[in-house]
Amino acid sequence: MSETLIEKLTFEILHEPYFYTLLDKCAQSNALRSFQTSFEPSLSLNAKELKDSLRYADILSNSESLGAREYAHQIIAHLNTSFSQDPFYKTVAKAVYFKLGNFPAINYLETKNDNWAEVPFDRQLEIESKRIIQAVPNLKGFVFTYTQYQLYSRLINSAEFSFSGPTSMGKSFIIKTFIKNIFRNTPRENMVILVPTRALINQFAMDVKKDLDEDLQYYRYKIITNSNVTELTEESFNYIMILTPERLISFLTNDSQTSIGFLFVDEAHKLAQLKDTRSVTTYTAIEKSQAKFGRNLKLYFSSPNVSNPEIFLKLFNRSVEDKVFKTDESPVTQNIYFLDLIDKRIEAIQKNSIQNRLIPFDKRLTGINEVITLLGKNQNNLIYNNSKQKTINVAKTFADTRVVEASLHPEIIKAIEQIKEYVHPDYYLSDLLTKKTAYHHGRLPQLIRNVVESLYKNELVSFVFCTSTLLEGVNMPTKNLFILNNKNGLNKLEDIDFWNLVGRAGRLNIELSGNIYCIKHEDCNWENKESILTKKEITIVPTVIARIDSNLKKIEKILLEQDISGSETEKEVLRYIANIISIDSLQTQSNYQSPVINKLIADKKEKIIELAKKQGQNINVPFSILNGNPSIKISIQQQVYNKLLNDHKQGRSILLPNANSEKFYETCKTLLEYFFDLYQWNGAESDLRKKSSMAYYATIMTQWIKGFSLSQIINQSLKYYETKGGTVAIDYNSYVPFEKDNLQHINIVIENIIDDIEHVLRFLFEKYFNHYYQVLVTILGAESAGENWATLLEYGTQNRIVIALQNIGLSRHTAIAIYNRGRLNLEIVDNKLKGIRKEGLLALFKSTSIEFDEIQRLL
């Protein structure tokens with residue numbers, strides 16, 4: 001059929017009531033199977049309806065219309081549950097997926113359904129042509145979906161690009177394939193992959209190592225996960241740096257660092273998180289990269305569910321012409337259901353013009369645990385909640401309803417032993433694993449996250465309770481997603497976050513569709529149900545632009561040193577933006593102005609710029625320091641600079657103490673109390689408002705820098721509670737005396753320790769110690785500035801070899817173990833790491849140990 005005829009038929013089908021009746025029947029029959037509900041005769045497809053539905057799908061798959069193609073995919077996916085062995089279905093299903101260019105779905109039909117149906121010769125010819133054209137370059141046996149191929153073809157020919165698509169389309173796979181292509185460029189250039197959180201660094205590093213290992217070795221590229229490239233000393237190597245925005249800013253402040261040619265911004269929609277200061281940090285990291293490396297920096301943005309991906313290119317004054325790609329076409333179908341446990345109703349949510357259909361309510365669905373157990377039986381399930389504590393509590397409550405598996409898989413037994421050894425014998429997670437249940441949140445130690453993710457991907461754990469880490473790019477697709485709360489933290493889920501969550505359901509290459517169950521219960525009434533469940537275009541505005549447009553008066557007040565109204569989070573974001581305006585207004589490089597300054601000029605808001613310049617009149621802190629510390633108020637930076645300069649002139653020592661001092665705890669405590677006053681933490685940092693808490697943090701800091709393992713730090717803290725007493729917060733406002741045999745109290749202490757190490761020591765303290773050291777370098781010179789304590793906090797060690805091992809992606813725990821037990825397998829020259837003998841290291845550790853697993857994966 002000609003293209004014109006196909007589009008004419010498509011138009012007629014999409015305006016035909018009978019088509020929507022059939023589409024509805026297909027969806028409902030699939031839904032009834034998902035809910036294990038007996039079929040109503042009126043909803044079962046008869047032979048004619050089955051044949052008509054498949055013919056509609058065949059015609060629609062030939063259309064250029066995205067909506068039509070999506071309907072074709074839905075029909076085949078819905079019918080698969082009941083008709084996978086029907087001869088006519090087999091033939092049409094393969095023909096449709098071939099036409100859609102969805103080779104992963106074809107692989108599913110062949111391997112899962114034993115569908116080896118032949119299609120007509122002309123179709124077969126077209127199929128073979130597509131196999132050749134859409135073959136993944138440099139990866140034998142893999143074929144792009146049609147949408148992936150379209151994106152990749154445009155991406156490799158562009159020096160700047162922004163694209164958005166469903167979570168399930170495999171955007172990370174496309175980026176990795178593009179990187180394989182970049183390896184072959186001459187001259188070779190360094191790359192940065194910018195990820196939103198530290199937790200994602202390890203995941204991306206392992207994925208790149210696993211998928212690109214041969215190319216990494218052949219083309220002499222190394223993966224590093226921190227900002228200090230100079231710790232790696234092997235010559236003639238290039239780097240793939242997987243960094244957070246904070247680490248990229250740190251990298252940029254060092255003029256001796258190597259240049260970068262490519263910057264990939266993963267999860268770019270985080271630039272538009274209005275209630276998160278990280279969005280401003282991400283903006284700053286990209287803008288500073290562009291300022292340093294100019295137009296030679298190739299810049300790429302990847303985001304989900306965004307209808308205006310060009311906004312990111314515009315934000316950084318990049319060309320958008322033919323540099324943008326967006327699609328809603330997913331290679332898997334998502335089925336959305338709304339379960340109302342209060343009014344006992346189930347709706348199948350339609351994203352198109354069909355009215356939502358009520359599904360008979362199963363009386364066995366009496367509560368959340370019963371819903372998850374019944375609908376998730378023998379399947380792969382993620383359960384979302386809006387906070388860490390809720391996630392852990394609900395996971396434990398659910399696990400309490402299940403029995404221990406009669407025969408635990410060896411990998412489960414190994415994981416339990418690893419968790420007990422690495423964290424604590426009473427850590428909830430180890431017990432949950434005996435019931436094929438786990439939890440996963442942003443502050444979970446990275447090694448334990450790796451364990452949970454591996455068990456889940458290998459289907460050894462069936463139920464994983466998660467927080468918003470799923471929204472930050474964690475690669476955990478699933479068959480079923482249960483959404484227990486329509487919030488992210490204390491805030492309502494934004495549309496982009498909800499549909500990002502939805503996109504986790506359905507595993508490419510493993511199934512044709514995924515299920516999303518939105519559950520209304522006593523603790524979540526889904527008051528925004530109608531709004532959030534209606535699929536619509538999602539247009540976003542970057543935080544720095546949105547806040548300037550809507551909060552100009554408040555920014556003015558901040559620049560005038562006046563108080564402003566609003567939540568603490570809003571104030572924090574606005575202060576950050578005001579600080580960036582102040583710093584950028586001091587920019588002295590010729591012919592350069594930041595996008596924020598250009599925005600203010602374009603909007604005729606020169607008054608703001610003048611206020612910022614006025615605030616900066618008495619600022620003589622070197623611009624490089626201001627530029628590298630945008631989240632620290634410039635007036636505080638100036639006060640610190642003045643004090644240190646004056647102290648030095650007066651002959652007082654401004655050096656940080658030697659980290660090898662005998663009374664190290666006292667040294668840390670004195671330092672933290674000094675920093676508390678110097679940097680005005682009581683007003684600048686909401687998490688550091690009590691000077692009395694510095695004694696506690698000094699204890700953790702001492703143990704961390706001295707190389708104590710996490711389990712040692714936890715055990716020391718629990719002993720303190722046992723002997724000295726203390727209270728624990730069992731919820732936001734309720735404190736009770738610590739009881740040494742109370743598992744809940746023990747786990748609260750454990751979670752608090754992990755939080756304090758990751759957020760306070762390795763983020764807040766590190767930031768301020770790094771700033772202090774930069775000031776020392778300016779005043780005393782690099783040779784006389786002493787040791788940078790920020791490095792000690794980041795790496796949790798003073799040992800340069802352990803630091804170098806962490807820089808190539810190993811955890812602190814494994815790096816210390818390697819140095820202590822396997823030093824003879826390290827090639828060390830002039831106290832610098834030159835090489836590693838992997839096999840020798842593996843021979844030293846038990847094959848069931850967490851160290852063995854990490855060495856195997858990353859070296």
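Trainee: Why are helix H23 and helix H24 called roughly perpendicular to each other?

Mentor: This is a predicted model. The axes of H23 (residues 568-585) and H24 (residues 595-602) cross at roughly 95°. Angles of 65 to 115 degrees count as roughly perpendicular, and the pair is therefore given that label. Their axes come within 9 Å.

Trainee: Which residues in H23 and H24 meet?

Mentor: Ile581, Asp584 and Ser585 in H23 meet Val596, Ile597 and Leu600 in H24. Contact here means heavy atoms within 4.5 Å. By class, the residues of this contact are four nonpolar, one polar and one charged.

Trainee: What makes strand E3 and strand E7 edge strands?

Mentor: The open sheet has seven strands in the order E3-E4-E2-E5-E6-E1-E7, with parallel pairing. E3 (221-224) and E7 (324-326) each pair on one side only, and are the edge strands. On average, neighbouring strands of the sheet are turned by 10° against each other, direction ignored.

Trainee: How do you know that strand E5 pairs with strand E6?

Mentor: Pairing needs at least two bridges. Four bridges join E5 (residues 262-265) to E6 (residues 298-303), and the two strands run parallel. Phe264 stands opposite Tyr300 in E6.

Trainee: Which strands does helix H11 touch as it packs on the sheet?

Mentor: H11 (residues 245-252) touches strand E2 (191-194), strand E4 (238-243) and E5. The direction of H11 makes about 135° with that of E4.

Definitions and conventions:
Residues are numbered from 1 along each chain as its sequence is written. This is a predicted model: local features need pLDDT of at least 70, side-chain atom pairs count only at pLDDT 80 or more; totals for chains, interfaces and linings use all residues. Side-chain values use heavy atoms; hydrogens and water are left out. Axes are lines fitted to C-alpha atoms, for helices over the stretch in contact, and angles run from 0 to 180 degrees between N-to-C directions. Angles under 35 degrees count as roughly parallel, over 145 as roughly antiparallel, 65 to 115 as roughly perpendicular and the rest as oblique. Ala, Val, Leu, Ile, Met, Phe, Trp, Tyr, Cys and Pro count as nonpolar, Asp, Glu, Lys and Arg as charged, and the others, Gly among them, as polar.
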